[in-house]
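Please read this report alongside the sequence and the model.

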Amino acid sequence: MPNFFLDNDDLLFHLKHLPLQDVATWTEDGFGDAKKFDYAPTDAADAVDSYRRVLELVGHIAGDQIAPLSEEIDRIGSAWEDGVVTYAPGIRKSLDLLSQADLMGFTLPRKYGG
């Protein structure tokens, strides 16, 4: 069972040597969202733990479920016809997997459902 995060020594090395506590404090803007959203981190350690868990989850989904679809996606490709884009079926399946894992709004601010 591959994991595109845990199996990548380069990513793990960089994350181990980055000042993630400082990055989390800056990114989370003082952790004020913890008062509004029960899933928001309460401090830097909580944030770093949450980030790592998300990376592990995404790494698992990418390695175990999406990567096996990539050859078919590349072979079928996407098409543009009459102003409509039609994606290879594996793209829809990949997006559905990310949606089921509740990751589609990950890049959005929490106040907008991220």
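Predicted model: local features only at pLDDT ≥ 70, side-chain atom pairs only at ≥ 80, totals over all residues.

Residues are numbered from 1 along each chain as its sequence is written, and side-chain values use heavy atoms, with hydrogens and water left out.

The chain has five helices and two strands, where helices (H or I, at least four residues) and strands (E, at least two) are DSSP runs numbered from the N terminus, and their order along the sequence is α-α-α-α-β-β-α. The radius of gyration, taken over C-alpha atoms, is 17 Å, well over the 13 Å that the globule rule (2.2 Å times the number of residues to the power 0.38) gives for 114 residues, so the chain is more spread out than a compact globule. Buried residues (under 20% relative accessible area, 1.4 Å probe, protein chains only) make up 21% of the 114 residues.

| Chain property | Value |
|---|---|
| Span of the C-alpha trace along its principal axes | about 50 × 35 × 20 Å |

Helix α3 (residues 44-66) packs with helix α5 (residues 89-100) at an angle of about 145°, their axes being 11 Å apart; axes are lines fitted to C-alpha atoms over the stretch in contact, and angles run from 0 to 180 degrees between N-to-C directions. The contact (heavy atoms within 4.5 Å) is made by I61, Q65 and I66 of α3 together with S94, L97 and L98 of α5.

Terms used. Buried < 20%, exposed > 50% of the residue type's maximum accessible area, 1.4 Å probe, protein only.
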